[in-house]
Amino acid sequence: MTPDQRSMAEMTPYAEDLSRVATTVPLPQEGAVLVTGATGLIGGCLTDLLMLHGTCEVYALGRNSQRARQRFSSYWEDERFHFIEHDICEPLSVDIRFQWMIHAASNASPNFFQQQPVEVMKANLTGLCHLLDYGREHGLRRMVYVSSGEVYGEGDGTPFTEQSSGYIDVLSPRSCYPSSKRAAETLCAAYCQEYGMEIVIARPCHTYGPYFTESDNRVYAQFIRNVLHGEDIVMKSTGRQYRSWIYVADCAAAILLLLGKGKSGEAYNVANGASNITIRELAERIAALGRRKVVMNLSPSGNTTPISKAVFSTDKIEQLGWSPLFTMDEGLAHTLQTQTSGD
């Protein structure tokens, strides 16, 4: 990367955060790393970390080359960076030996759960099958599968450990996401046992950060979009749902730690225990940062998750030496500042 490219990449608070977390986790220094869902929130941050602070070959896979070129403009021409335009629902058409894979491709926006539940399930399962088969045939060293905390369903209010298993209504189309994520985790475990593959599962809680798309309708993205447009935040529910949250830079660092040190065949929660708040509190914090206010406009929504409380125990991943670096106020402020910059 040239000095000009590096200076462009380091202009935002988000980029400074990446420099900070890069010193806390081992990054692959050789071989090729494939990151799927590279233009998504978590995948994009992983790609940034690997490019700005690693020395390995980075292959970023996504469906939209135009968005990718804009998202990764600061190092698009770097000889270590390679973009693969591909729909993960189709088998990979390349012939590259990836030593490492991080599978972060998934339709995680709630509007997909209502409008395209079939496609959500197919992508989560078929896409993973394609990657696992490719990796098995090409000598993959290790994979991290980015699952979701939604696999826990509705619990009893106590923090979820990796052994928890709450209720999911399997006949609700909204369950297309958590049900297929559960099945995908079982598929990973099956490949570990039957084929001896090295696969670690990450279960992130609700993750926030910059570079979300205009079509992303997760609550944090809606709230930040309101503030950036100079609007008040409109709450369509009481916002009593209690959640664990994590800043994307912390989340990406945890996933890279699991790539190097996680135990194959096991799952790890990724969350910030100091960032457990209600959705209403999230709205109020974002509104305060943007000097706006929260307005209540209650209305039913088909996208609303039935889960009232979802908080995570992080004891297991902390035993590997990981801990989050950013408070929620820091993460939200840096998200707003970076998203505003347009970089």
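User: What does Thr 39 touch, leaving out residues up to four places away in sequence?
Analyst: Thr 39 contacts Asn 64, Arg 67, Ala 68 and Phe 72. Keep in mind that this is a predicted model.

User: Where is Thr 39 found?
Analyst: Thr 39 lies in the loop that runs between strand 1 (32-36) and helix 3 (41-53).

User: Buried or exposed, that Thr 39?
Analyst: Buried: the relative accessible area of Thr 39 is 13%, and the cut-off for buried is under 20%.

User: OK, on to helix packing. At what angle do helix 2 and helix 3 pack?
Analyst: About 70 degrees, and their axes are 10 Å apart. Angles from 65 to 115 degrees count as roughly perpendicular, so helix 2 and helix 3 are roughly perpendicular to each other. Their crossing is right-handed.

User: Which residues make that contact between helix 2 and helix 3?
Analyst: Helix 2 brings Tyr 14, Leu 18, Ser 19, Val 21 and Ala 22, while helix 3 brings Gly 44, Cys 45, Asp 48, Leu 49, Leu 52 and His 53. By class, the contact of helix 2 with helix 3 has seven nonpolar, three polar and one charged residues.

User: What about helix 2 with helix 9, what's the angle there?
Analyst: Helix 2 (residues 13-22) packs on helix 9 at about 30 degrees, with the axes 10 Å apart. Under 35 degrees counts as roughly parallel, so helix 2 and helix 9 are roughly parallel to each other. This crossing of helix 2 and helix 9 is right-handed.

User: Which side chains are involved from helix 2 and helix 9?
Analyst: I can give you residues: Tyr 14, Asp 17, Leu 18 and Val 21 from helix 2, plus Val 248, Ala 249, Asp 250 and Ala 253 from helix 9. The contact of helix 2 with helix 9 divides into six nonpolar, no polar and two charged residues.

User: How many residues of helix 9 are buried?
Analyst: Twelve of the 14, so helix 9 is mostly covered. Among the buried ones are Val 248, Ala 249, Asp 250 and Ala 253.

User: What span should helix 9 have, at 1.5 Å a residue?
Analyst: The 14 residues of helix 9 (residues 248-261) should span 20 Å, and the end C-alpha atoms are 20 Å apart, which agrees.

User: Now helix 6 and helix 7: how far apart are the axes?
Analyst: The axes are 9 Å apart, and helix 6 (residues 117-137) packs with helix 7 (residues 176-195) at about 15 degrees. Helix 6 and helix 7 are therefore roughly parallel to each other, and their crossing is right-handed. Residues in the contact include Leu 125, Leu 128 and Leu 132 of helix 6, and Ala 184, Leu 187 and Tyr 191 of helix 7. The contact of helix 6 with helix 7 divides into 15 nonpolar, two polar and three charged residues.

User: Switching to backbone: what's the phi of Tyr 211?
Analyst: About 75 degrees, a positive value although Tyr 211 is not a glycine. Most residues other than glycine have a negative phi. Tyr 211 sits in the loop between strand 7 (206-208) and helix 8 (219-228), and is buried at 15% relative accessible area.

User: And phi of Arg 291?
Analyst: Near 55 degrees, also positive in a residue other than glycine. Arg 291 is in the loop between helix 10 (279-289) and strand 12 (294-296), and counts as exposed at 77% relative accessibility.

Terms used
Residues are numbered from 1 along each chain as its sequence is written. This is a predicted model: local features need pLDDT of at least 70, side-chain atom pairs count only at pLDDT 80 or more; totals for chains, interfaces and linings use all residues. Side-chain values use heavy atoms; hydrogens and water are left out. Axes are lines fitted to C-alpha atoms, for helices over the stretch in contact, and angles run from 0 to 180 degrees between N-to-C directions. Helices (H or I, at least four residues) and strands (E, at least two) are DSSP runs, numbered from the N terminus. Angles under 35 degrees count as roughly parallel, over 145 as roughly antiparallel, 65 to 115 as roughly perpendicular and the rest as oblique. A crossing is left-handed if the near helix is turned anticlockwise from the far one by less than a right angle, and right-handed if clockwise. Contact means heavy atoms within 4.5 Å. Ala, Val, Leu, Ile, Met, Phe, Trp, Tyr, Cys and Pro count as nonpolar, Asp, Glu, Lys and Arg as charged, and the others, Gly among them, as polar. The expected span of a helix is 1.5 Å times one less than its number of residues. Buried means under 20% relative accessible area, exposed over 50%, partly exposed in between (1.4 Å probe, protein chains only).
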